[in-house]
Amino acid sequence: MRYDFKAIEAKWQKYWAEAQTYKAEMPSKKPKYFVLDMFPYPSGAGLHVGHPLGYIASDIYARYKRLRGFNVLHPQGYDSFGLPAEQYAIETGQHPATTTDQNIQRYRQQLDRLGFSFDWSCEVKTSDPSYFKWTQWIFLKLFDSWYDKEHDKARPVSELIEVFRTQGNAALSAACDEKTPVFKAQQWQQMDQDQQADILLKYRLTYLAETEVNWCPYLGTVLANDEIVNGLSERGGHPVVRKKMTQWIMRISAYAQRLLTGLDHIDWTFALKESQRNWIGKSVGALVHFEVKDLNRKISVFTTRPDTIFGVSFVTLAPEHPLVLELTTSEHREEIQSYIQATARRSERDRMADVKTISGAFTGAYVWHPFTKKPLPIWIGDYVLAGYGTGAVMAVPCGDQRDHDFAHFFDLPIPNIFKDTNVDQEAFTEKSGFIIQNSDFLNGLDYVSAMKVVIEQLESAAAGQGQTNFRLRDAVFSRQRFWGEPFPMYYVNGRPQPISPDHLPIRLPHVDQYLPTEDGAPPLGRATQWAWDTERNSVVDNANVDHKKVFPLELNTMPGWAGSAWYFFRYMDAQNEKEFANQEAMSYWKQVDLYIGGSEHATGHLLYSRFWTKFLFDLGLVPVDEPFNKLINQGMILGTSAFVHRLEGTSTFLSNDKVDGQKTQLIHVDVNMVDASNHLNINQFKGWRKDFADADFVTNDQGHFVVEREVEKMSKSKYNVVSPDEICDQYGADSLRMYEMFLGPLEQAKPWNTAGISGVYNFLNKLWRLYIDDQNRLKVEASEPSAENLKTLHKSIKKVQDDIEGFSFNTSVSTFMIAVNEFSTQSCQSKQVLEPFLILLSPYAPHIAEELWHRLGHSTSVTSQSFPELNEALLVEQTKVYPVSFNGKMRFTLELSLDMDKAALETHVLKHDQTVSQLAGHKPKKVIVVPGKIINIVY
């Protein structure tokens with residue numbers, strides 16, 4: 001009877017779904033374990049074989065923890081707001097909700113087919129109004145909160161108002177806009193309502209402000225830094241420019257130090273923690289003020305090296321700095337404006353990475369050095385970023401290589417303040433091993449001493465102060481899109497007003513198109529029903545706006561990361577209509593114990609999730625201030641792409657072995673048109689695209705057209721995608737699960753090769769034959785196991801247990817294969833051995849394990865069993881296979897007891913028939929015996 005994987009997998013998937021086998025218990029007295037995958041965006045392309053890698057790993061671990069007696073929460077959902085659905089809506093006119101729902105159905109079918117132990121009773125979709133109601137609710141909480149630096153936590157704005165009413169803000173230590181005016185309690189009380197609202201907006205944890213953003217004209221929206229690659233949008237590859245816009249912004253910078261400190265208390269990889277540390281970018285130094293010559297303005301510069309202040313020879317501003325146009329002289333204005341426009345076409349990330357290109361422009365203006373009172377020229381350069389520090393640097397060419405390169409390129413002075421060093425060719429950037437010179441009161445000091453003295457002098461002269469800075473910028477939270485969470489805000493006299501939480505969710509309105517309006521407003525500007533009636537507390541027709549009781553609603557929507565910043569808490573109590581999650585449920589589940597996902601989210605989703613969790617913790621709404629205890633980044637499964645060579649300027653294609661140095665253009669070809677020998681199906685290729693229909697093909701001498709192969713990211717755009725559906729059709733889900741684990745360590749990238757899966761498929765067939773005979777009868781008996789049977793079993797238990805605990809899933813697959821081979825050789829039929837072996841295998845291949853488990857006579861799921869207990873005593877070797885050598889050459893082996901001493905071993909071997917035969921009458925001259933190692937007879 002063959003292993004009918006199709007029938008078996010369909011049977012048990014249906015059983016698990018109907019029995020709700022994987023539904024977490026609540027309440028429960030069991031220890032809890034929360035296993036979570038980064039939930040997918042449901043794209044129209046569906047899953048390819050690279051997507052399930054992390055899901056399989058987390059599923060193995062979740063199943064293992066259940067076998068260990070844990071109450072496991074292993075949910076799944078969809079990050080279903082997103083730009084791709086909106087772009088498709090723009091192209092087709094179909095509502096994004098329609099395509100998203102269709103895509104989710106497709107994803108669900110694919111996920112179910114792979115046998116994952118997801119608890120679908122707590123499924124979430126970020127685009128579901130019952131879910132984004134609570135995303136809007138959290139936004140309102142952020143709007144109604146401020147950050148108290150003294151107590152290092154967020155507090156309600158009502159408490160801030162009371163501080164203002166009784167004390168003013170002079171002595172207040174809070175995260176706020178640096179341009180916030182200082183006022184007394186009496187002045188606050190004299191302000192009108194609008195003035196007070198403007199002040200409060202400078203303190204709120206989410207606020208409106210004009211800021212530099214990454215604007216993509218083609219997509220009509222703002223993009224985050226991690227959505228831009230080489231100056232182009234990650235989605236579609238469209239140009240991105242820098243632009244000033246009024247946006248909703250999250251004051252994540254208030255949490256910078258806590259985000260940094262929190263990394264010490266979570267089990268993440270060093271590389272991942274370093275990514276966040278670098279992104280947060282803590283720097284200790286000083287804020288230095290430079291007065292602008294002939295203008296009542298000052299330029300403030302944050303520097304980590306105030307000890308080098310006497311080495312400053314010019315000041316460089318970011319092209320976007322707000323003072324640039326104001327201080328630029330008329331004769332330099334045209335050049336400056338031209339440079340600003342050119343810089344706007346480059347992203348901040350590109351400017352940071354490009355250390356070779358040197359560019360800049362002189363403004364014609366000067367600042368006064370705070371100590372020497374000498375004039376210093378003001379330049380602009382794109383190596384200075386408006387979003388980092390103050391958007392200005394005091395250029396010290398002798399101590400900073402970028403400043404040195406800039407000064408050398410534009411022939412600016414490079415004064416040397418480091419004794420016994422040469423800075424003609426490059427800057428001296430060390431912080432030790434030098435003495436300062438040419439620096440007035442700092443002469444003769446080293447770095448540590450000079451830092452202390454210069455900060456004292458700056459503060460004494462009111463020219464600056466010591467300061468700790470962070471690279472982390474407040475996060476832009478507005479997107480000029482349709483398909484996202486609407487803001488629960490309306491506007492009175494241009495000032496934002498929150499909608500009461502009682503009236504959430506605010507749903508997306510109907511629009512005739514999903515494009516920005518003709519005057520550049522976001523797509524919600526096209527809605528006719530998009531105003532807020534403060535008497536009826538409902539959305540009404542725009543024509544009713546009277547600015548007395550009916551007001552315009554916010555036109556932007558929230559970014560993609562809003563819904564993913566808290567979804568893990570919703571899984572704990574997904575059906576709750578009264579609160580985002582019940583306190584009892586959150587107190588039990590607390591945080592995610594194991595989180596698996598891609599490393600590309602290191603400075604986006606993971607940072608924002610930690611920020612929102614710490615905020616909710618401050619308000620007492622969640623019991624933890626870190627969302628994910630242990631986090632693993634799975635590697636990528638790579639595709640093997642196929643390319644054809646097209647002769648440049650022609651429609652002639654050359655077989656790879658006919659290129660011979662000719663100039664060709666490489667074109668991706670669908671891998672499904674290429675056979676195992678890398679031969680292209682020319683007729684399929686011609687029918688693939690119209691422009692290839694009449695092309696000429698130069699084949700090799702055997703008449704084959706050979707393609708070029710290259711391993712790269714598996715992607716629909718590279719035509720190298722392999723569907724898991726095809727693999728399940730041909731080999732089954734258990735084969736796919738085990739093969740993906742077998743490919744290599746979880747964290748590493750590895751290439752996909754469909755041909756390799758046959759080895760795992762053959763293993764599962766061999767496993768089947770170990771339990772079931774050719775007549776479909778059970779071979780397993782209630783017989784006593786042999787010592788070899790037990791040794792194989794417990795050796796496997798130990799290895800698989802250690803592998804799962806260490807997330808080394810690939811070596812477990814090898815262990816299973818070895819065990820089945822050994823059991824087969826041993827003719828093992830003992831239920832006492834083969835039954836626990838199925839439990840051991842079940843996290844990896846749940847379908848075949850469940851089928852065979854029930855064939856053994858069980859009526860309950862293999863999932864509900866206990867992980868086999870390891871008996872270490874059975875692993876202790878009782879015998880040793882000795883190589884027996886004659887004159888140094890091994891002739892045969894003997895398995896002998898490890899209890900035998902040297903004399904006993906010698907006696908036994910010399911009497912053995914094979915020894916007598918080998919000696920052929922010769923007398924041994926010497927017998928060398930090393931117990932537990934070797935036996936060598938010299939004759």
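The model is a predicted one. Its protein chain has 939 residues, of which 52% count as buried, and its secondary structure comes to 29 helices and 34 strands. Much of what follows centres on Phe807, Phe816 and Phe837, which ring pairs place together in one cluster.

**Overall picture**

- The C-alpha trace of the protein chain spans about 115 × 75 × 70 Å along its principal axes.
- Among contacts in the protein chain with a separation of 6 or more, 69% come from residues 24 or more positions apart.

**Aromatic rings**

- A pair of aromatic rings is described by the distance of the centres and the angle of the planes.
- The structure holds 79 aromatic pairs, and here is one of them to look at: the ring centres of phenylalanine 816 and phenylalanine 837 are 6.0 Å apart, with the planes at 80°.
- That pair counts as edge-to-face because its plane angle of 80° falls in the range over 60 degrees.
- The pair links distant parts of the chain, with phenylalanine 816 in helix H25 (residues 809–825) and phenylalanine 837 in helix H26 (residues 831–841), 21 residues apart.
- Both partners are hidden from the surface: phenylalanine 816 is buried with a relative accessible area of 0%, and phenylalanine 837 is buried with a relative accessible area of 0%.
- Ring pairs also join these two residues into a cluster whose members include Tyr33, Tyr61, Tyr64 and Phe70 as well as Phe807, Phe809, Phe823, Tyr844 and Phe867.

**Charges over rings**

- Arginine 63 lies over the face of tryptophan 16, at 5.3 Å from the ring centre.
- For tryptophan 268, the residue over the ring is arginine 610, whose charged end sits 5.9 Å from the centre.

**Helix packing: H24 and H26**

- Two packed helices are described by the angle between their axes and the distance between the axes.
- Helix H24 (residues 787–805) and H26 have axes that come within 10 Å and cross at roughly 15°.
- H24 is therefore roughly parallel to H26, as its angle of roughly 15° belongs to the class under 35 degrees.
- The crossing of H24 and H26 is left-handed.
- On the H24 side, the contact is made by Asn789, Leu790, Leu793, Ser796, Ile797 and Val800.
- On the H26 side, the residues in contact are Gln832, Val833, Pro836, Phe837 and Leu840; Phe837 is thus in this helix contact and also in the edge-to-face pair with phenylalanine 816.

**Backbone details to check**

- Most residues other than glycine have a negative phi, and most peptide bonds are trans.
- A cis peptide bond joins methionine 26 and proline 27, with omega about 5°; proline 27 is in the loop between helix H1 (5–19) and strand S1 (32–37).
- Leucine 504 and proline 505 are also joined by a cis peptide bond, omega being near 5°, and proline 505 is found in the loop between strand S19 (495–498) and strand S20 (531–533).
- Phenylalanine 807 has a positive phi, near 60°, and lies in the loop between H24 and H25.
- With 7% relative accessibility, phenylalanine 807 counts as buried, and its ring belongs to the aromatic cluster.
- Aspartate 152 has a positive phi too, near 55°, and its place is in the loop between strand S3 (145–148) and strand S4 (153–156).
- Aspartate 152 counts as partly exposed, at 40% relative accessibility.

- Threonine 603 lies in the loop between strand S23 (592–597) and helix H19 (605–618).
- Although it is in a loop, threonine 603 counts as buried, because its relative accessibility is 16% and the cut-off is under 20%.
- Apart from its neighbours within four places in sequence, threonine 603 is in contact with Ser275 and Trp279.
- Valine 355 sits in the loop between helix H13 (348–353) and strand S13 (361–368) and counts as exposed, at 54% relative accessibility.
- The C-alpha atoms of valine 355 and tyrosine 383 are 8.1 Å apart, while the two residues are 28 residues apart along the chain.

Terms used:
Residues numbered from 1 in each chain as written. Predicted model: local features only at pLDDT ≥ 70, side-chain atom pairs only at ≥ 80, totals over all residues. Heavy atoms only, no water. Phe/Tyr/Trp six-rings, centres within 6.5 Å; stacked < 30°, edge-to-face > 60°. Helix = DSSP H or I, 4+ residues; strand = E, 2+ residues; numbered from the N terminus. Buried < 20%, exposed > 50% of the residue type's maximum accessible area, 1.4 Å probe, protein only. Lys NZ or Arg CZ within 6 Å of the ring centre and 35° of its normal. Axes fitted to C-alpha atoms, helices over the stretch in contact; angles between N-to-C directions. Parallel < 35°, antiparallel > 145°, perpendicular 65-115°, else oblique. Left-handed = near helix turned anticlockwise from the far one by under 90°. Contact = heavy atoms within 4.5 Å.
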